[in-house]
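Notebook open, model loaded. I'm jotting down what I look up as I go.

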Amino acid sequence: MQAVNVIINLSTNQLNNSFTYLVPEDMTTEIGFGKRVLVDFRGKKIEAFVVGLLEIENDPELKPVLKVLDQEEVFNHELLELAQWMADYYSVSLSMVLSMIIPRLLHHKTSMRLIANVSREEFFKTNCDIEIPVKDFLENLWAKKEVDLAETSRYLNKIQLDDLMSRGLVGMTGIYKTSRVLRNDSIYILNQVKFQEEISLIRRKAPRQAEALERLAAHPGINCNEFDKIVPRTITSALIKKGFVSIEKIKPKITVPEFELNNEQNDAISRIIKGLDGHQYSEYLLFGITGSGKTEVYIQAAQAAIDQGRSVIVLVPEIALTRQLVDIFSRRIPDIAVMHSAMSAGERYEEWKRIKRGDAKLVLGPRSAIFAPTPDLGLIIMDEEQENSYKQEETPRYHVRDIARQRARLSAAVFLMGSATPALESYYRTETKKTELLRLSQRTAGAVMPEVVIEDMRNSFKSGNRGLVSDYLRNRIGHALIMGQQSILFINRRGHSPMTICKECGNIASCPNCSVGMTFHRDLEQNVCHYCNRHSPQLTVCQVCGSRHLQLAGVGTQKVEEEIRRLFPEARIDRLDLDSSRPKGAQKAILQAMKEGSIDILIGTQMVAKGLDFPMVSLVGVIDADSLLNLPDYRARERCFQLLVQVAGRAGRADIHGEVIIQTYNPQEPLFQKVVSHDYQSFYDDEIKIRRLLEYPPFTDILRIVISGEAEPACQEYSGELARFIEEMIDAKEDSIMILGPAPCPISKIKKRFRYQIMIKCFSSLLLRSIAAKINNRNHPASIKIELDLNPMATI
Ligand code: ADP
Ligand code: ZN
Ligand code: ZN
C-alpha cells in the first residue's frame with residue numbers, strides 16, 4: 001500500500017517528527033512530495049506537509065489521508081532539507097519554517113467546504129437535545145464527509161453554523177488553488193501575414209474576433225493587461241488558438257559595459273569562476289570600498305553561473321535598493337525574477353512559478369528570496385552582507401547569511417558576500433581561511449575617496465555657536481549651494497526632540513506603555529513613542545511636579561530641518577526619514593527629486609546612508625556622531641563605523657570632489673580617526689581584540705532569552721526560575737559557558753509588557769542549541785512570553 005510521512009502543521013515545538021498515513025486508492029495520482037494534505041491527528045482534522053512517500057504492508061492501525069490540498073508541490077527536497085536544518089539550528093518547529101517558505105498566495109484556500117470534527121457516535125454520547133435542522137445537517141455531513149457552503153446554508157443559519165464551529169464540532173477546509181495572474185510585462189503580437197490573408201474571411205464568419213484583430217492592428221505591441229480590459233479574454237484566447245495572436249514578454253535591451261575591468265575586478269571574477277567550475281561549496285568575501293565596482297563583479301559572476309546552466313540568487317538588504325539593482329541587472333541578464341514585499345501576493349506567486357519552472361535564471365530580492373525554488377542553484381550573491389535587515393526580527397529569528405551558507409552547501413554552490421565594511425564575523429572568517437578574500441581597493445574611473453574631517457563641537461560651543469551646525473559645516477553647505485552641488489545631512493533620530501525635561505524636578509516625559517522617553521514631533525505638535533507609536537499632546541506642565549518650565553532637548557531630523565531652513569532660507573530642502581517616507585510613493589519621489597537635482601540639501605536618518613548613488617553630492621555632514629556610539633550593545637561600535645563609512649560614501653561618487661564632516665564632542669575617539677583614514681583593517685584589528693577579550697561573537701555564540709509579561713513580579717520570578725533551570729542543565733560543562741542575568745532589558749518595558757533577559761555565552765554552538773531546545777520544550781506559564789534570539793543584532 002502507498003503511504004506518506006507527514007509533518008503536522010501545528011505551531012508546537014515538540015512535533016518535529018513525522019507521522020505515517022495511508023494513501024487511499026483514489027488519491028495516489030493526486031498526492032505527492034511537497035504537497036499539503038488534511039489528516040486526522042489526535043481526533044482533530046489538521047493540515048500536514050508530505051515529506052516522504054513510501055510503500056508499506058497494509059496496517060490497520062494507520063489512518064488514511066483525508067484530502068490532498070495542493071495541486072502542485074510547494075517545496076522541493078532541497079528546500080525541505082534546508083528547512084530541517086533551520087528548524088534545528090534556530091530551535092523552531094519545522095512546520096513553522098515550511099509555512100514561512102510557501103508563497104503567501106498559497107496560504108489562501110478556495111472552494112471552502114465543511115467537515116465534521118467528531119464522529120456520529122461520539123457526538124450523541126454528549127449531545128441529545130439538538131434542533132432538527134442542525135441534526136439533519138450533521139447527518140448529511142457524516143454521510144457525505146464534506147459539504148460546500150451553498151448546501152450548508154439550506155440547513156443552517158449563520159448563528160447555528162457559528163455555534164457548531166466555535167464548539168469545534170465542524171471545521172472548514174478548502175484546496176489551495178490560484179487563478180492565473182497575468183504579468184504586466186507581456187504584450188500581444190499580431191501575426192501580420194495571417195491577418196492580411198484571412199481578415200475578410202473572419203469578418204464574415206466571426207465579426208467580434210475580426211474587431212479584436214483590427215484593434216490589435218491599430219495598437220501594435222499593446223500590453224496584455226491593457227488589451228484584456230477592452231477585449232474579453234475568451235475572444236483573445238480563440239485568436240491565440242487559431243494562430244493570429246501570440247504572447248511575448250517584453251525584454252529589456254541587453255547591453256554590454258563600456259569600460260574595461262581593472263586588474264582587481266578581473267582577479268576577483270576569475271577566482272569566483274574557478275569556484276563555480278569546481279562544483280563544490282566555496283565561499284568568498286568581496287571587500288571593496290564604496291564605488292569600487294562590486295556590482296560589475298556580481299554581474300559577471302552571475303553570467304558565468306548561468307552559462308553553466310545553473311541559477312543564481314541575489315540578496316539585497318532592502319526594497320529601495322532592489323529597484324536600483326534590478327535596473328542594472330536586467331540591462332545585462334535576460335529573464336530575471338524579482339521578489340519583494342511591496343509586490344502583491346499574486347505577482348510574487350507568478351515570479352515563484354517562473355523560478356520553479358526554470359524560466360527565470362536569476363532571482364533578486366531581500367531576505368525571503370533565499371527560499372526561492374531555484375532548480376540547480378549555482379551561486380548566491382549577498383550584497384552589503386553587513387546590513388541588519390538581513391536578520392529577521394521575529395520568530396524564527398534567522399540571519400539570512402546563515403541560511404545562504406547552508407543552502408549553498410546543500411547545492412554545492414558558490415556563496416559570494418560583498419561589502420565595503422564587512423561584518424566582523426565575516427572578515428574573521430577570511431582570517432581563519434574559511435572564506436576567500438577578494439579585494440577591490442580603488443574607486444573606479446578615477447573617482448577619489450572623499451576627504452573626512454572631524455569637527456570638534458567643543459570648540460564650536462566655546463566660540464559662542466549654540467546651534468546644531470558648526471560654523472565650518474555651515475560654510476561648506478553654503479559653498480556647495482554656490483557651486484550648484486548637493487549636500488546630505490545625517491542624523492540618527494527622527495522627530496524633533498527626543499526629550500522633554502522638567503527644569504524644576506528633572507523628570508523626563510516618558511511613555512506610560514514603554515520605559516522610553518517620548519519624542520516631540522513638530523509637524524504633528526505631538527509627542528510620539530517610537531516603540532509603541534503612542535501619540536499624546538505636547539506637554540505644557542510637568543506630569544510629576546506641575547511646573548511649567550519644560551525644555552525640549554536632544555536632536556532629531558525635524559529640528560535639524562528647522563535650523564537648516566533658517567540658515568539657508570533660499571535653498572531647496574527636503575527630509576527623508578520614516579515619517580516623511582510613510583505616504584505611499586513618497587520615498588521614491590524624494591530620491592527621484594534628489595537624483596534630478598531639484599533638492600539642494602537632504603536631511604535624513606539611515607535611509608540616506610544606504611547605497612544610493614547621487615553624482616552631484618559633494619558634501620555629507622554627520623550632525624551628532626556621538627549618539628551612534630552610546631548604545632548598550634556589543635555591536636554598537638561596529639554599527640557606528642559601518643554607518644559612518646556608508647554615509648561618507650555618498651559624497652563624491654562621480655567626478656566632483658567629496659567632503660565629509662563628522663561633528664562630535666569626542667574628537668579623540670579612535671573609531672572616528674579610522675573613518676578619517678578610511679582604515680577598515682585597523683578598525684577591525686582593534687575591535688576583534690575587544691570581542692576576543694570579552695568573549696563575544698565570532699568567538700562565542702550568544703543566546704538571548706527575553707522573558708516578558710504584563711505583571712512585573714511574575715516576570716521577574718519566572719526569569720529567576722528559568723536561569724536556575726539553565727544552570728542545573730549545564731552544571732558539568734561550566735567552563736565553556738557563561739550565564740548573564742537575569743536582568744531587566746535595557747528597555748525594561750515595551751507596549752505595557754515588562755521585559756527581562758538572560759544571556760548565555762557559549763563556546764560550543766551545539767551545546768547552546770541543545771539548551772535552546774530544552775528551553776523551548778519547557779512548559780512556560782501562560783502569562784509569560786519567551787523569545788529566543790541566537791546571536792542577536794541588538795540587545796535593547
Ligand atoms: P560599489 O557597488 O562597489 O560601490 P559600483 O558597482 O556601484 O560600486 O560601481 C561604481 C561605478 O563604477 C558604476 O557606475 C559602475 O558602472 C562603474 N564601473 C565599474 N567597474 C568599472 C571599471 N572597471 N571602469 C570604469 N567604471 C567602472
Ligand atoms: Zn517637574
Ligand atoms: Zn510606548
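I started with K433, which sits in the loop between α16 (424-431) and β17 (436-440). Helices (H or I, at least four residues) and strands (E, at least two) are DSSP runs here, numbered from the N terminus. K433 counts as exposed because its relative accessibility is 71%. My cut-offs: buried is under 20% relative accessible area, exposed is over 50%, and partly exposed is in between (1.4 Å probe, protein chains only).

Ground rules, before I go on. This is a predicted model, where local features need pLDDT of at least 70 and side-chain atom pairs count only at pLDDT 80 or more, while totals for chains, interfaces and linings use all residues. Residues are numbered from 1 along each chain as its sequence is written, chains are lettered from A and ligands numbered from 1 in the order in which they are written, and side-chain values use heavy atoms, with hydrogens and water left out.

I found another positive phi at D335, about 55 degrees, and D335 is not a glycine. D335 lies in the loop between α13 (319-330) and β13 (336-338). With 26% relative accessibility, D335 counts as partly exposed. I flagged such cases because most residues other than glycine have a negative phi, and most peptide bonds are trans.

Next I looked for cis peptide bonds. One joins P697 and P698, with omega about 10 degrees. P698 is in the loop between α24 (680-694) and β29 (701-709). A cis bond also joins G741 and P742, where omega is about 10 degrees. P742 belongs to strand β30 (residues 737-750).

I stayed on the loop between α24 and β29 for T700, which is found there too. T700 counts as buried, at 3% relative accessibility. What does the side chain of T700 reach at 2.9 Å? I get the backbone oxygen of E695. A polar contact in these notes is a pair of N or O atoms within 3.5 Å; within protein, one must be able to donate a hydrogen and the other to accept it, and residues adjacent in sequence count only if both atoms are side-chain atoms.

**Zinc, ligand 2**

Which residues coordinate the zinc ion (ligand 2)? I list C502, C505, C542 and C545, each through SG, at 2.2 to 2.4 Å. Donors are N, O and S atoms within 2.8 Å of the metal (3.2 Å for Na, K and Ca); water is not among the atoms, so sites may look incomplete. The 4 donor atoms subtend angles of 105 to 112 degrees, which makes the arrangement tetrahedral. For that label, all angles among four donors must lie between 85 and 135 degrees. The ideal is 109.5 degrees for four tetrahedral donors.

The donor spacing in sequence is C-x2-C-x36-C-x2-C. C505 lies in the loop between β20 (499-502) and β21 (519-521), and C542 in the loop between β23 (535-537) and β24 (550-553), so the pair ties together parts that are 37 residues apart in sequence. I get C505 as partly exposed, at 37% relative accessibility, and C542 as buried, at 5%.

**Zinc, ligand 3**

The zinc ion (ligand 3) is coordinated by SG atoms of C511, C514, C529 and C532, at 2.2 to 2.4 Å. Its 4 donor atoms subtend angles of 105 to 113 degrees, which makes this arrangement tetrahedral. The spacing reads C-x2-C-x14-C-x2-C. C511 is in the loop between β20 and β21 and C532 in the loop between β22 (526-528) and β23, so the pair ties together parts 21 residues apart in sequence. Both C511 and C532 are buried.

**Ligand 1**

I counted 15 residues around ligand 1, the closest being E260, Q265, G291, T295 and T444. A residue is near a molecule if one of its heavy atoms lies within 4 Å of it. The shell divides into 4 nonpolar, 8 polar and 3 charged residues.

For contacts, a polar side-chain atom of T295 lies 2.7 Å from an oxygen atom of ligand 1. An N or O atom in the side chain of K294 is 2.9 Å from an oxygen atom of the ligand, and a polar backbone atom of S292 is 3.2 Å from one. The protein covers 72% of the 570 Å² of accessible area that ligand 1 has on its own. Those areas come from the Shrake-Rupley method with a 1.4 Å probe; for residues, only the protein chains shown count as cover. In the shell tally, Ala, Val, Leu, Ile, Met, Phe, Trp, Tyr, Cys and Pro count as nonpolar, Asp, Glu, Lys and Arg as charged, and the others, Gly among them, as polar.

Terms used. Four donors count as tetrahedral if all angles lie between 85 and 135 degrees; four count as square planar and six as octahedral if opposite donors are over 155 degrees apart and all others between 65 and 115; anything else is irregular.
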